[in-house]
Amino acid sequence: MNETIARYKNGIQTYWTEREPGQKRWLIIGFILIVFMIVALTYFSTRQTYVPLYSQLSLQETGQIKETLDSKGISSRVSKDGMTIEVPESQVDSLKVELAAEGIPQSGSIDYTVFSDSSGFGMTDNEFSVMERAAMQTEISNLIKNIEGVQNANVIITLPEESVWLNSSQESATAAVVLDLKLGTQLDPDRVKGLYHLISKSVPNLPIENIVISDQNFNNYTYESNSYGDSTLAAFEQQRGIQREIEQDMTRNLQQMLGTMIGPDKVLISVTTDIDFTQENRTEQLVEPVDEENMEGIAVSVERIAEAYTGEGTVPEGGTAGTGEGIPNYVEGEGNENSEWERTEDRINNEVNRINREITESPYQIRNVGLQVMLEPPEGMDTIPAQQIADIQQILGTIVRTTLPEVNGEQLTQDEVNSKIVVTSHQFAGKTVQADTEIGQAIPTWLYALAGVLLLVVIVLVIILARSKKQVELEETVEELEIDSEVASKPEIPDLPSEGSGPAHEKRKQLESMAKERPEEFSKLLRSWLAED
């Protein structure tokens, strides 16, 4: 083993001594780079990434969680402000479940769970009232914390005491809220209004005027109703959102249908609509006959009157003898002769349909629609066949007819439908490409780049060493040829005596032992002798 180590050591020393200064410098630089790359790869591949386990904690909660993690042997870090605690990324999910099962973190506030925990113990009315108010304050504070920009919220609620007198007026509750806002956060009027409504609806008998909201800098936030301009802008945004949603639904349906026919990447659709947001409320009081054909109603009551007369007299004025005009069934008579007449009258009360309608029109109605469709022909064709375009226009025409209302009870003509549809066919100059969501890898991308650089450095060093080795071999070959030529040109030197004694014999033995034990030094000695000769 020692001989093997010594042989490799001698080989490395010989290789290093035979190198030129430039080659030695490159070897040192390459060795340093390789060591640096290995250290960097080891560090970045083994180091742990810390992510927040809990944020916005109190100092008490942070200390409690830190103590629990230390007892479990889990490394953790606490932020400078003491409100955030971080753990290794690989353990964050499991730790949340474990700590939640243990009821950690335990805050000093009281929530509604205290009632279920202490339901088996008796408590006085005063204790119950105090705990109820504290739980209400905690729940409202937690709700306010969910609003963006709010770090913490302190809520104080004052509930009125119940009076024992029935005729006493009921007092209202009051609430004071102090918000801890993030740096640079400004609450807009809509958010402030939402806070007031949230607090007012969470506490019984708490009007908005009894609520005071301020931040940590003592800036008061008052409740302001929307002005006319704000309401108009909100109505515009709502109408614009309805129009955009209708257009997107129609575009999505057409894209799915035509994409199935031609190809999803060969169809572009644009839908424009004109929507009437006029809302009408009206009351109609209509009277209609029951029998619309004869324009008659239902006979509710019928009264028939019949009159008859017998005696002497003349024909009444206005009547014509023998015709019955003026007096029905008049019997003609002359002079003072006996005469007879009778009259019959029917009085019928008809009832009609009386309709009272309170009509509220739809909040919006599509008055016009425009469909623009661009199609890309298949490969090898300049345009899509006319029959296929005609089929698509017919499909779009059906959609237009069912979307738009009838005008005066009449449907749209074919020319009116065609004017709302445009179908073109040509090659697309460019296509939108949806980027696939890349899944995060365990090893960062820059680590692969670093490994590539390291591989490139190793390749360069191997090439340099190979070239230097070839150069050394070439130099050794040239030197051997030179030595052979010098030996051939010089007179032969007698060999050392193989036997006998004396200085020559001792010198031969020393050279033989040197050649066996240290061949490199022996070769150098021979070269120096040849150079001196």
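Close-up 1. F218 is not a glycine, yet its phi is positive, at about 60°. Most residues other than glycine have a negative phi. With a relative accessible area of 73%, F218 is exposed, a class that begins over 50%, whereas buried means under 20% and partly exposed lies in between (1.4 Å probe, protein chains only). Residues are numbered from 1 along each chain as its sequence is written, and side-chain values use heavy atoms, with hydrogens and water left out. Because the model is predicted, local features need pLDDT of at least 70 and side-chain atom pairs count only at pLDDT 80 or more, while totals for chains, interfaces and linings use all residues.

**Close-up 2. N205, a second residue with positive phi.** N205 is found in the loop between helix 7 and strand 6, and its phi, near 55°, is a positive value in a residue other than glycine. The relative accessible area of N205 is 35%, so the residue is partly exposed.

Close-up 3. Four strands form an open sheet in the order 4-5-6-7, with mixed pairing; its edge strands, strand 4 (150–158) and strand 7, each pair on one side only. Two strands are taken to pair if DSSP finds at least two bridges between them. Strand 4 and strand 5 (residues 174–181) pair in the antiparallel sense over 8 bridges, and the bridge partner of I157 in strand 5 is A175.

Close-up 4. S214 lies in strand 6 and is buried, with a relative accessible area of 11%. Leaving aside neighbours within four places in sequence, S214 is in contact (heavy atoms within 4.5 Å) with V177, V178, L179, N219, N220 and Y221.

**Close-up 5. Helix 6 and helix 7 against the sheet.** Helix 6 lies across strand 4 and strand 5 and runs at about 150° to strand 4, while helix 7 lies across strand 5, strand 6 (211–215) and strand 7 and runs at about 135° to strand 6. These angles, from 0 to 180 degrees, are taken between the N-to-C directions of axes fitted as lines to C-alpha atoms, for helices over the stretch in contact. The 21 residues of helix 6 (residues 125–145) should span 30 Å at 1.5 Å a residue, which agrees with the 30 Å between its end C-alpha atoms; the expected span is 1.5 Å times one less than the number of residues. Among the buried residues of helix 6 are M131, A134, A135, T138 and S141.

**Close-up 6. The aromatic pair Y196 and Y223.** Rings of Phe, Tyr and Trp (its six-membered ring) pair if their centres lie within 6.5 Å, and planes under 30 degrees apart count as stacked, over 60 as edge-to-face and the rest as tilted. By this rule the count comes to 1 aromatic pair: the ring centres of Y196 and Y223 are 5.6 Å apart and their planes stand at 70°, so the pair is edge-to-face. The pair links distant parts of the chain, 27 residues apart, with Y196 in helix 7 (residues 189–202) and Y223 in the loop between strand 7 (220–221) and helix 8 (228–262). Y196 counts as buried at 4% relative accessibility, whereas Y223, at 31%, counts as partly exposed.

Terms used
Helix = DSSP H or I, 4+ residues; strand = E, 2+ residues; numbered from the N terminus.
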